[in-house]
Amino acid sequence: MNTLMLLSPVSAWLVMLALSARAAGESRLPFAQLLSLRHLFWAYALPTLFILLLQQLGMIDRLASLGLLICLLSGCGTSGAALARNTGTASGSVVALMVASAAIAIMTMPLATLMLLGGQEAAISAFVVLVALVLAQWLPFQLGLAWFHRHAASPALAGNLERLASLSVLLLIALIAWRELPRLPEHPDIAFAAAALALLLGLVSRRATAPHQGLESMVVIRNLTAATLVASQLSAAASVMTALCAFGVVMYPVALLQVWRARVTRKAATPL
């Protein structure tokens with residue numbers, strides 16, 4: 001866990017600095033259009049109720065439920081943003097959804113920790129999570145935004161920051177997979193719940209991002225850097241990290257299937 005505690009905040013800083021470079025270069029970010037009640041319901045409220053229902057039915061335990069909820073609330077992942085840009089989605093919409101989801105993560109992940117962790121240490125753990133998110137997400141974004149407003153990031157610098165951020169995320173995912181994948185066969189309940197959550201996000205992603213097109217992958221691919229940052233702060237994190245790994249395994253195939261399906265649909269709609 002010590003390696004994850006070291007790598008996850010470094011990765012979070014790189015991700016948020018890269019995001020701040022993008023945000024500083026946008027003249028206007030359409031927050032009001034993206035953060036509608038419709039989006040909050042389909043992208044957050046309904047999946048949260050689904051996770052809690054699985055827990056209530058006894059299909060997963062409380063810590064696995066917390067792990068999946070951390071994944072859901074962690075915000076949009078960098079891979080989802082890259083897929084959205086590759087489909088021709090406006091950069092301003094991609095950046096706005098990334099920034100908004102990161103803010104939601106800072107507000108909701110400590111609350112989820114407080115409610116689901118349980119025990120006497122719940123309040124302390126929630127406070128530690130809040131501090132970690134502020135220091136590793138809010139602070140680098142604000143510092144980067146202030147810097148890049150004064151010194152505009154060149155395309156080369158912005159691209160290099162994004163490549164470093166993506167590399168750090170890949171290293172983090174590889175480390176989690178190496179540690180947790182051997183445990184997944186012992187937890188078919190967690191694997192099933194993670195797959196069901198990813199599929200649900202895939203099904204509701206179009207409704208969550210309508211009328212905008214091309215943002216669906218950002219609803220499915222979550223910010224595993226932030227999720228790992230939070231999970232690594234918890235003392236009882238075994239099931240939490242297993243749930244995180246299980247969701248990370250299935251979210252990419254679901255998102256790639258979405259992109260493939262969208263391309264097939266566009267080609268079918270294009271007149272010959």
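Me: By class, how does the lining of the largest cavity divide into nonpolar, polar and charged residues?
Reply: In this predicted model, the largest cavity has a volume of about 50 Å³. Its lining is made by G77, T78, S79, V169, I221, R222, N223, L224, T225, M251 and Y252. By class, that lining holds five nonpolar, five polar and one charged residues.

Me: Which elements give two or more residues to the lining of the largest cavity?
Reply: The lining includes T78 and S79, along with L224, T225, M251 and Y252. The elements that give two or more residues to it are α5, α11 (224-231) and α12 (238-269).

Me: Which element gives the most to the lining of the second largest pocket?
Reply: The second largest pocket has a volume of about 210 Å³. Two or more residues of its lining come from each of α1 (2-24), α5 (78-86) and α8 (155-180). The element that gives the most, with five residues, is α5.

Me: How do the residues of the lining of the second largest pocket divide into nonpolar, polar and charged?
Reply: The second largest pocket is lined by 13 residues, and those nearest its centre are T78, A81, A82, R85 and E162. By class, the lining divides into seven nonpolar, three polar and three charged.

Me: Is T89 buried or exposed?
Reply: T89 sits in the loop between α5 and α6 (91-117). Its relative accessible area is 12%, and the cut-off for a buried residue is under 20%. T89 is therefore buried.

Me: Which backbone oxygen does the side chain of T89 reach at 3.3 Å?
Reply: Leaving aside neighbours within four places in sequence, T89 is in contact with A84, V94, Q213, G214 and L215. The T89 side chain reaches the backbone oxygen of A84 at 3.0 Å. At 3.3 Å, the side chain of T89 reaches the backbone oxygen of G214.

Me: Is L6 buried or exposed?
Reply: L6 is found in helix α1. Its C-alpha atom is separated by 9.0 Å from that of L229, 223 residues apart along the chain. The relative accessible area of L6 is 61%, and exposed requires over 50%, so L6 is exposed.

Me: What is the radius of gyration of the protein?
Reply: The protein has twelve helices and zero strands. For 272 residues the globule rule gives 19 Å, and the value found is close to that, so the protein is as compact as a globular protein of that length. The C-alpha atoms fill a box of roughly 50 × 45 × 35 Å along the principal axes. The radius of gyration is 18 Å.

Me: Among contacts between residues at least 6 apart in sequence, what percentage join residues at least 24 apart?
Reply: Buried residues make up 51% of the 272 residues in the protein. Among the contacts in question, those that join residues at least 24 apart come to 84%.

Terms used: Residues are numbered from 1 along each chain as its sequence is written. This is a predicted model: local features need pLDDT of at least 70, side-chain atom pairs count only at pLDDT 80 or more; totals for chains, interfaces and linings use all residues. Side-chain values use heavy atoms; hydrogens and water are left out. On a 1 Å grid over the protein atoms alone, a cavity is a set of points where a 1.4 Å probe fits but cannot get out, and a pocket is an open set with protein on both sides within 12 Å along at least five of seven lines; lining residues have an atom within 4 Å of a point. Grid points are joined across faces, edges and corners, and a volume is the space filled by probe spheres set on the points. Helices (H or I, at least four residues) and strands (E, at least two) are DSSP runs, numbered from the N terminus. Ala, Val, Leu, Ile, Met, Phe, Trp, Tyr, Cys and Pro count as nonpolar, Asp, Glu, Lys and Arg as charged, and the others, Gly among them, as polar. Buried means under 20% relative accessible area, exposed over 50%, partly exposed in between (1.4 Å probe, protein chains only). A polar contact is a pair of N or O atoms within 3.5 Å; within protein, one must be able to donate a hydrogen and the other to accept it, and residues adjacent in sequence count only if both atoms are side-chain atoms. Contact means heavy atoms within 4.5 Å. The radius of gyration is taken over C-alpha atoms; the globule rule is 2.2 Å times the number of residues to the power 0.38.
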